[in-house]
Amino acid sequence: MRALLFPLALIAALSAGKMSAAAPVRIAYSSISGAMLPLWVAKDRKLFDKHGVDVEVTYIRGVAIEALLAGEVQFVRASPPSVVRSSLRGADLAIIANTVNVAVFSLMTRPEIARPEELRGRKIGVTNLGDSPDLVLSLLLERWGLQRNKDVTVLGIRGGMPELLVSVVKGFVDGGMISAPNNLRGIKLGLRELVDAADYGIPYVNSPLSTRRTFIKSNRDTVLRVLRAYQESVEEIRNDKNAALKILARYVRVDDPAILNEVYKIYGERHLPKTIKVDLEGVKGLLKGLGSEAGGANPGNFVDGSLVQEIENEG
């Protein structure tokens, strides 16, 4: 894993033309979360190599979509709302695979908050306003009859999940929408898991792999090779827990066996489907979270399901 850093001013619109035979394919991921496990396993277990494609896996926080549009990377495991918003603005993006079909975030609160109604008058933090944790929080508040920024103040906390966790622990905010492993760290630090959004079974395209439609058109064989490796990684995660745990520990930088095992249960067992096919119900859930931004858009417009279908037809 290596970070790719570049100033936004240098991101220029580059061609998404046919890849050079020697050029590696770059896949960016935008957060340190157990949801990235299939990507990490595919890389570390050399599944991309097995399927004949040279892949570099790169962590880019905050500007992964911009890097994709600029041609700096060819695929992203990035914020679902960012993918859809970019498409609504005319970008030629397509979700081609997904590995979690429900919203998987925990609302972690100060220990004195025991029920959703006790959130009234409180401050809840999210990593980025308008991103997945924020959209899922809005869906939860709606279920509980609480109005955003009237009953509950929602604040964007600069940084990632670890920084949001610190903000809750130190009392800068009363709660935060946090994913594993940081929610599990929070429990060890005395916070309360007020609710696991996954328990509500809210359909949501939680973990999409996306690329550009022009790239698919000119490099379809490469995309298929990447997806074959990605599908195989799902199978390896299910069949080789010990190997998955070792890879998970290295990427999330956690050495607590209890936390690692719980993250594996969430992302390697409970919410990991057998197929990487995109469930349109999950896209509908995302569009519902976007509300008026989505403008009644057709979920199928954001997905290219033909690639996974082709792989499934191969047997």
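Mentor: One term before we start: helices (H or I, at least four residues) and strands (E, at least two) are DSSP runs, numbered from the N terminus. Residues are numbered from 1 along each chain as its sequence is written.
Trainee: OK, where is His271 found?
Mentor: His271 sits in the loop between α11 (257-270) and α12 (280-290).
Trainee: Is His271 buried or exposed?
Mentor: Its relative accessibility is 14%, so His271 counts as buried. Buried means under 20% relative accessible area, exposed over 50%, and partly exposed in between (1.4 Å probe, protein chains only).
Trainee: And what does His271 touch?
Mentor: Leaving out residues up to four places away in sequence, His271 touches Thr99, Val100, Val102, Val104, Ala198, Lys265 and Ile266. A contact here is heavy atoms within 4.5 Å.
Trainee: Switching topic, what is the pLDDT average for the protein?
Mentor: The average is 91, and 93% of the residues score at least 70. pLDDT is the predictor's confidence in each residue, from 0 to 100.
Trainee: Where is the pLDDT below 50?
Mentor: Over residues 1-17, a stretch that has 38 contacts in the model beyond near neighbours in sequence. Where pLDDT is low, the predicted coordinates should not be read in detail.
Trainee: What sort of pair do Tyr29 and Trp40 form?
Mentor: Edge-to-face, at 5.6 Å centre to centre with 75 degrees between the planes. Tyr29 is in strand β2 (residues 25-29) and Trp40 in helix α1 (residues 37-44).
Trainee: And why do Trp40 and Tyr251 count as stacked?
Mentor: Their ring centres are 4.6 Å apart and their planes at 5 degrees, so that pair is stacked. Tyr251 lies in helix α10 (residues 241-252), 211 residues from Trp40. Trp40 and Tyr251 are buried.
Trainee: Which residues do the ring pairs link into a cluster?
Mentor: Tyr29, Trp40, Tyr59 and Tyr251.
Trainee: Last one, how many residues of α5 are buried?
Mentor: 10 of its 13, so α5 is largely enclosed by the rest of the structure. Among the buried ones are Pro133, Leu137 and Trp144.

Key
This is a predicted model: local features need pLDDT of at least 70, side-chain atom pairs count only at pLDDT 80 or more; totals for chains, interfaces and linings use all residues. Side-chain values use heavy atoms; hydrogens and water are left out. Rings of Phe, Tyr and Trp (its six-membered ring) pair if their centres lie within 6.5 Å; planes under 30 degrees apart count as stacked, over 60 as edge-to-face and the rest as tilted.
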